[in-house]
Amino acid sequence: MGKGREVLKLLVGRAAEAAFPSLGREIDDDRNTARAPKLKRAILLARLERARARGDSSAIEKSLAAFWKGNAGDNFHDNYASERFDLFLEHHAGLVDVLASLLEQHGTRFSRLVEIGCGDGTVLAYCVDRLPSIREAVGLDINAAVIERVAAEQPPGSKISFAAAEARDWLVANPKPGTVMLTNGGVLEYFSQENFDALLQALALSPPAAIALIEPVAPAHNLQAQPNSFVFGHERSFSHNHSRRLNQAGFDVVHEQELQLHTVRWKLMIGLRA
């Protein structure tokens, strides 16, 4: 998004929120409607910029979540699911091979796979086919409409199930030793550092536990000198020092890789808690 276009969109968002308060209420109430989607996206951008200027990570996180829960999140999944899966297959699927090798060393101790931000579930299904020890797989997403569609497509007796839920809440309510948590293509970037840490702590409560992540970081994030998360990019999402966060939650980083694809700096990482 060009600078001039972004400034215009910010102005539109501020004006729309003032002129059409009902749109703001729909966003706040997580009502998944298609009414005025462009104005809602502009409102969310304006909210994100205000929150960034204040340094309010909680408000940033709330606005990011509102995007993914609403109609804009629906449209993203519908329009880009195939493209995102192709990106995964071409550049990121090697992490699953590494994960398979690591899990094989632990026999049957790791039996549940939980993907956060699963979307249409194609990556989750890919992983299940390549991880023999996994007997149960759960896809979590905060967009209820997407989850409803993909859950309805599952055949009877499938080892894969889906739930519309906040990841940390779901893990706390469904603890199980031997859980592997997966994120693909940028999910944890929408978590504040506080909630990323809380998510890892919830996972760590039922060891053995593992996490495999494929996440972007800010191009300028010095991972040796900057341990804390900060906001970056046009989405105003969070750049995390993933290895630092995992270490502090008691996970050993057993695999770490960095890839530069076009303008995106990707981190691929696996952490284990024995």
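## Buried or exposed

A residue counts as buried when its relative accessible area is under 20%, as exposed when that value is over 50%, and as partly exposed in between (1.4 Å probe, protein chains only). W68 is buried, since its relative accessible area is 13%. F67 has a relative accessible area of 23% and is partly exposed.

A word on the model itself: it is predicted, so local features need pLDDT of at least 70 and side-chain atom pairs count only at pLDDT 80 or more, while totals for chains, interfaces and linings use all residues. Residues are numbered from 1 along each chain as its sequence is written, and side-chain values use heavy atoms, with hydrogens and water left out.

## Aromatic rings

A pair of aromatic rings is described by the distance of the centres and the angle of the planes. Rings of Phe, Tyr and Trp (its six-membered ring) pair if their centres lie within 6.5 Å; planes under 30 degrees apart are stacked, over 60 edge-to-face, and the rest tilted. The structure holds seven aromatic pairs. One of them joins F67 and W68 in an edge-to-face arrangement, with 5.0 Å centre to centre and 85° between the planes. F67 and W68 also belong to one aromatic cluster with F76, Y80 and Y190.

Helices (H or I, at least four residues) and strands (E, at least two) are DSSP runs, numbered from the N terminus. Have a look at helix α7, residues 122-130: its buried residues are V123, L124, Y126, C127 and V128. With contact meaning heavy atoms within 4.5 Å, these buried residues pack against helices α5 (71-92) and α6 (94-104), and against strands β1 (112-116), β2 (136-141), β3 (160-164) and β4 (179-183).

## Salt bridges

Side chains of opposite charge can pair when their charged atoms come close. A salt bridge is a side-chain nitrogen of Lys or Arg within 4 Å of a carboxyl oxygen of Asp or Glu, and the whole structure has nine of them. One pairs E166 with K69 at 3.6 Å, N to O. E166 sits in the loop between β3 and α9 (167-173), while K69 is in helix α4 (residues 57-69), 97 residues apart. E166 counts as partly exposed because its relative accessibility is 37%.

D197 and R245 form another salt bridge, at 2.6 Å, N to O. E256 and K267 meet at 3.0 Å, N to O, and connect strand β8 (residues 252-261) with strand β9 (residues 264-273). Salt bridges that share partners join E256, E258, R265 and K267 into one network. Within it, K267 is buried because its relative accessible area is 6%, whereas E256 is partly exposed at 41%.

On a 1 Å grid over the protein atoms alone, a cavity is a set of points where a 1.4 Å probe fits but cannot get out, and lining residues have an atom within 4 Å of a point. The structure holds two cavities of 30 Å³ or more. The second largest cavity contains about 40 Å³ of space, the volume being that filled by probe spheres set on the points.

Which residues line the second largest cavity? They are R84, L87, F88, H92, N184 and G185. Two residues of this lining are nonpolar, three polar and one charged. Here Ala, Val, Leu, Ile, Met, Phe, Trp, Tyr, Cys and Pro count as nonpolar, Asp, Glu, Lys and Arg as charged, and the others, Gly among them, as polar.

How values were computed:
On a 1 Å grid over the protein atoms alone, a cavity is a set of points where a 1.4 Å probe fits but cannot get out, and a pocket is an open set with protein on both sides within 12 Å along at least five of seven lines; lining residues have an atom within 4 Å of a point.
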